[in-house]
Amino acid sequence: MSTSPLKRRSSWIVMAALAFALLVAGATRDRGPASQSERARSIGVTIKCPVCGGENVADAKASVAQAMREVIARELASGKTDDEVRGVIEKQYPDTQLVPPKSGLASLVWVLPVVVFVIGGAALARAFRRWRADGDLADFPDGPTDDVVVDAEVVAEP
Amino acid sequence: MTDGVAEAPRPRRVAPFVTLGLAVLIAAMVVVFARAPKGERPDTAATELMNKLAPPIEGETLDGGRFSLSARRGSWVAVNFFQSTCGPCITEQPELALFNDAQGSLPLARRTELVSVVFVDSAENVRKFFANNGGGNWPVLPDSRAEISPAYGVAKVPETWIIDPDGVVRERIIANVTAVGLQGVVDRLRATP
């Protein structure tokens, strides 16, 4: 039993659209207002403790991490946004941000995975199309393949 | 064209170009990560605060008095950040006591005021620290709300900062100091306009 190429393509498009819609819904879902301690923790995990060999500020036990957590809590309590609080920490403890900046050379960390994903997807799509085209063009020069024979037998069964 | 049959066009080979492109992208990512700051404490005392107005230091001292750096304008001030459990701080403490005692024998114009800021520690531990290691007969600020040390970007102790009579940061020392060494630094800074 064969499916028309148009129908096959439509199902891929529907699946892609569905996946995209779910992704957008998940990313933009309103989780309600986060508590101040949740915000403090979410900021703390994006900041590196300067003396703890890679631990983040939210989890590190070092005194400086404790001091930085105090700063985060105080700045949040004063009404600053998360980005403003990160700015305060960056000013006091430079080079401790774990989230790469969105500008300059380091922004490539954000851009390159997307580029690789797009190129990879395009390459796969092209490869699939070529394989399918090769299969269609071959037009069974050496007789029907085993799959076609099996399909035919299944259809012929009462 | 042979035998009237068109030769099938050769498929263009894309894979090598895609592979090359991906290799370039991965190489670029390696470069980006290699250049990323490590976030570890630098071995240098460089600070953005150098030659700028020192962040405020004020509050209640360990003995219940008040201290304000801004009220010390006109004097050289040495600000020492320490913690009772820090080994180098314990080694340094008698030297700070010597430094502070020596100020009394200097002409007024050459004296330096010493102030200690506690780096995340309890008042009880700090009192024991001074009882065991001497000193503490100068202003000691508990900084229990972590307002002072983050403003100076202190990540490890001991650290000693020298503030000039205009309230400007002139030196940051990220090792333990000696009485003679600290006096030498202040004298050098005094001689440098």
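Because the model is predicted, local features need pLDDT of at least 70 and side-chain atom pairs count only at pLDDT 80 or more, while totals for chains, interfaces and linings use all residues. Residues are numbered from 1 along each chain as its sequence is written, chains are lettered from A and ligands numbered from 1 in the order in which they are written, and side-chain values use heavy atoms, with hydrogens and water left out.

Chain A comes first. It has 6 helices and 0 strands, where helices (H or I, at least four residues) and strands (E, at least two) are DSSP runs, numbered from the N terminus. Read along the sequence, that gives the pattern α-α-α-α-α-α. Of the 158 residues in chain A, 20% are buried. Here buried means under 20% relative accessible area, exposed means over 50%, and partly exposed is in between, all worked out with a 1.4 Å probe on protein chains only. As for contacts (heavy atoms within 4.5 Å), take those in chain A with a separation of 6 or more: residues 24 or more positions apart account for 39% of them.

Next comes the place where the chains meet. The size of an interface is often given as the accessible area lost when the parts come together. For chain A and chain B, the buried area is about 2,400 Å², with 68% of it on carbon and sulfur atoms; this is the accessible area (1.4 Å probe) that two parts lose on being put together, summed over both. Helix H3 (63-77) and helix H5 (108-138) of chain A each supply at least two residues of the side of chain A that touches chain B. H5(A) gives the largest share of that side, with 10 residues. Sorted by kind, the residues on this side of chain A are 17 nonpolar, 6 polar and 6 charged. In this sorting, Ala, Val, Leu, Ile, Met, Phe, Trp, Tyr, Cys and Pro count as nonpolar, Asp, Glu, Lys and Arg as charged, and the others, Gly among them, as polar.

In terms of residues, 29 of chain A are in contact with 29 of chain B. Between the two chains, the salt bridge count is 0, a salt bridge being a side-chain nitrogen of Lys or Arg within 4 Å of a carboxyl oxygen of Asp or Glu.

On to the sulfur links. A disulfide is a covalent bond between the sulfur atoms of two cysteines, and the cut-off used is a pair of cysteine sulfur atoms within 2.5 Å. The whole structure has 2 disulfides over all chains. One joins A:Cys49 to A:Cys52, S to S 1.9 Å, and this link is right-handed, with 45° about the S-S bond. A:Cys49 counts as buried because its relative accessibility is 0%, and A:Cys52 is buried too, at 17%. In chain B, the sulfur atoms of B:Cys86 and B:Cys89 sit 2.1 Å apart in a disulfide. That link is right-handed with 85° about the S-S bond, and both B:Cys86 and B:Cys89 are buried.

The loop between strand S5 (140-141) and strand S6 (159-163) of chain B holds several points of interest. B:Ser149 is found in this loop and is buried, since its relative accessible area is 1%. Leaving aside neighbours within four places in sequence, B:Ser149 contacts A:Tyr93 from the other chain, plus B:Phe81, B:Phe119, B:Asp143 and B:Val154. B:Ala146 belongs to the loop as well; its phi is near 50°, a positive value in a residue other than glycine, and it counts as buried at 4% relative accessibility. B:Pro158 is also placed there, and the peptide bond leading from B:Val157 to B:Pro158 is cis, with omega near 5°.

Elsewhere in chain B, B:Asn51 is found in the loop between helix H1 (15-35) and strand S1 (58-60). Phi of B:Asn51 is near 65°, again positive in a residue other than glycine, and B:Asn51 is exposed because its relative accessible area is 56%. B:Ser116, by contrast, lies in strand S4 (residues 112-118) and is buried at 0%. The side chain of B:Ser116 makes a polar contact with the side chain of B:Trp138 (2.8 Å).

Note on methods
A polar contact is a pair of N or O atoms within 3.5 Å; within protein, one must be able to donate a hydrogen and the other to accept it, and residues adjacent in sequence count only if both atoms are side-chain atoms.
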